[in-house]
Amino acid sequence: MNESQPSVTAVAIREGRFVATGSDRDIMRWRSSKTQMIDLNKRTVIPGLNDSHTHLIRGGLHYNMELRWDGVPSLADAMQMLRQQAERTPPQWVRVIGGFSEFQFAERRLPTLAELNAAAPDTPVFVLNLYDRALLNRAALRAIGYTKDTPDPPGGFIERDRAGTPLGLIVAKPSPLSLLAALALAERLSPDDEINSTRQFMRELNRLGITSVIDAAGGGLRYPDNYNVIEQLAKADQLTVRIAYNLVSQNIGREQEDFVNYVNTLQMGQGNDFYRLNGAGENLVLAAADFENFLEPRPPLADSMETSLEAVLRLLLEKRWAFRLHATYNESISRFLTVFERVNQDIPFQGLNWILDHAETISDRNLERVAALGGGIAIQHRMAYQGEYFIDRYGQQAVERTPPIRKMLEMGLPVGGGTDATRASSYNPWTGLYWLVTGKTVGGTTLYSAANRLDRTEALRLWTVGSSWFSNEVEQKGAIIPGHLADLAVLSADYFSVPETEIQSITAVLTIVGGKVVYAADRFESLSPPPLPISPDWSPVIHYGGWGAPGFYDRTRQGQSAPAAFASTTCCTAHRLASGVQNALWGRAKISNIGCSCWAF
């Protein structure tokens, strides 16, 4: 990402920063008797990836308790994982909390409630599909106390039988608050396990080459209570991902009270290179929330939105706090920008790196308005998970610019790549890079023509240099340049030359943050920090790992509990397709002649 020196063969690192880049001969001049040498054997190295919009702090608190279906190519395999976890952990819940799409599965559908009940008759199961619906088995309904007398939550409904008894399906129409209210009734990890869980989640991000994130706060994350774990890790120098964090209010209708407290007790930018306050948002007031459930019509914003948003915005700008705002639909963005322009007349935005998040349907005119106010746009690969839903509602022509990435770049707007993980989409940055390069969903549906796709270098720039603008760190990170923080990832495959279909399966084999190895695998495993045991002992992470469930498929290769995706050719068509997908993700695996166990649960 250094335009004046696009490619080098060696770097020197001292005191956490790059001090030299160039040829092997150039860099060997820096060698001393105390130098640690690492020969990468000509592997591709990139700057550490930087997710400009994610929810690491919240996701870390729950990671160890969640069964992740991210990257699993077959619903049959996903359900086999769920069944195994249910047998392993009663009475603990089995939670599948977003990060997947029904279209990634060869079967191209979600599980049915009957299948959930058969797979886990006694263990509570909660499956969250993006932010549009939640599926609960009978054990989960009993555990949270949902009966025929339970009213429908605001912004959603509970599907019931003729007698009014809940069946286990909660639908957002379109607000996800109904889904989150049910999820909040489930148990949490202990404080010690939350610490372990957060560290394991950071290690998983390191495995994928992520070295920095900007945390966009989010629903249910209260400050300071839910920040105790991440702040404890920061003080103990145990963060392996740099975090610039934003703050939101959880007091609906009284958001300004929280922001008054924040700006009067905290200082914008306080912290250090590993943990630093980045401003307010992504939600400033609930009245401005335009929920992105593309299975439902666009939600109208409240008439009171402008008044409440303007009050909070004036407070933040008077204290020179940067901010970010969740903004999916162009209709919402038009109203937001009118408020911004009015406030800007009295309190200039100049000097603040303010952010619009998402902006899937933003118009060219509103892009011009963002540019005039000096803003940037953080985009995420949400359309890789919801593109099919969007096409069904708005059509193929409308999806072509969701968002109009090429137009943003042509206008010179700051654009940063991100995920919006862990519920609305997966935390895997390589899915985001795949989406930017191919214009396809995780289900293979083409969303964009070549005119709105990026080449691989352009896409990588959004995830490195591009994202650094959003935490005001352009001179600190995003490129392998002398003086920059020494954050890099050594890749399992050459991102610039592998077939497009294999981009999603790239991982890091060595990740360095601030000159320290935080993750190492394969031939570099001896450099890895000591392993941290996973707790609690029933955690799905112990058995399945993270994205793509590598533990599940590794055991399959070793002949343990072979999943249907590797069944014989007598298996159903869906599983033959899944087998091909899985081979592409994890390499050619021996297909065992075990017959089809598609619905053997």
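On a 1 Å grid over the protein atoms alone, a cavity is a set of points where a 1.4 Å probe fits but cannot get out; a pocket is an open set with protein on both sides within 12 Å along at least five of seven lines, and lining residues have an atom within 4 Å of a point. Points are joined across faces, edges and corners, and a volume is the space filled by probe spheres set on them.

What you see is a predicted model, in which local features need pLDDT of at least 70 and side-chain atom pairs count only at pLDDT 80 or more, while totals for chains, interfaces and linings use all residues. Residues are numbered from 1 along each chain as its sequence is written, and side-chain values use heavy atoms, with hydrogens and water left out.

**Cavities**

Seven cavities of 30 Å³ or more are found in the structure. Which residues line the largest cavity? They are Pro47, Gly48, Asn50, Thr211, Ser212, Trp463, Thr464, Lys477, Gly478, Ala479, Leu485 and Asp487. The volume of the largest cavity is about 70 Å³. Helices (H or I, at least four residues) and strands (E, at least two) are DSSP runs, numbered from the N terminus. Strand S10 (210-215) and H17 each give at least two residues to the lining of the largest cavity. Ala, Val, Leu, Ile, Met, Phe, Trp, Tyr, Cys and Pro count as nonpolar, Asp, Glu, Lys and Arg as charged, and the others, Gly among them, as polar. By these classes, the lining of the largest cavity has four nonpolar, six polar and two charged residues.

**Pockets**

The largest pocket holds about 1,600 Å³ of space. Its lining counts 44 residues, and Thr9, Ala10, Val11, Leu40 and Val45 lie nearest the centre. By class, the lining of the largest pocket has 24 nonpolar, eleven polar and nine charged residues. Elements that each supply at least two of the lining residues include strand S1 (10-14), strand S2 (17-22) and helix H17 (456-468). S1 gives the largest share, five residues.

The second largest pocket has a volume of about 1,100 Å³. Here 47 residues form the lining, with Arg58, Leu180, Gly219, Gly220 and Arg423 nearest the centre. Two or more lining residues come from each of helix H2 (56-62), strand S5 (94-97), helix H6 (177-183) and helix H9 (255-265). The largest share, four residues, belongs to H6. The lining of the second largest pocket divides into 23 nonpolar, 13 polar and eleven charged residues.

**Helix pairs**

Two packed helices are described by the angle between their axes and the distance between the axes. Axes are lines fitted to C-alpha atoms, for helices over the stretch in contact, and angles run from 0 to 180 degrees between N-to-C directions. Angles under 35 degrees count as roughly parallel, over 145 as roughly antiparallel, 65 to 115 as roughly perpendicular and the rest as oblique.

| Pair | Axis distance | Angle |
|---|---|---|
| H16 (429-438) and H17 | within 9 Å | roughly 135° |
| H11 (330-346) and H12 (364-372) | 10 Å | about 30° |
| H9 and H10 (305-318) | within 10 Å | roughly 0° |

H9 is therefore roughly parallel to H10. Contact means heavy atoms within 4.5 Å, and this one joins Gln256, Phe259, Val260 and Val263 of H9 to Ala311, Val312, Leu315 and Leu316 of H10. The contact of H9 with H10 has seven nonpolar residues, one polar and no charged.

H11 and H12 are also described as roughly parallel to each other. Asn330, Ile333, Ser334, Leu337, Thr338 and Glu341 in H11 meet Asn366, Arg369 and Val370 in H12. That contact divides into three nonpolar, four polar and two charged residues.

**Backbone details**

Most residues other than glycine have a negative phi, and most peptide bonds are trans. Where does Glu15 sit? Glu15 is in the loop between S1 and S2, and its phi is near 50°, a positive value in a residue other than glycine. A cis peptide bond with omega of about 5° joins Tyr223 and Pro224, and Pro224 is placed in the loop between S10 and helix H8 (228-235). The bond from Ser535 to Pro536 is cis as well, with omega near 0°; Pro536 lies in the loop between S19 and helix H18 (540-544).
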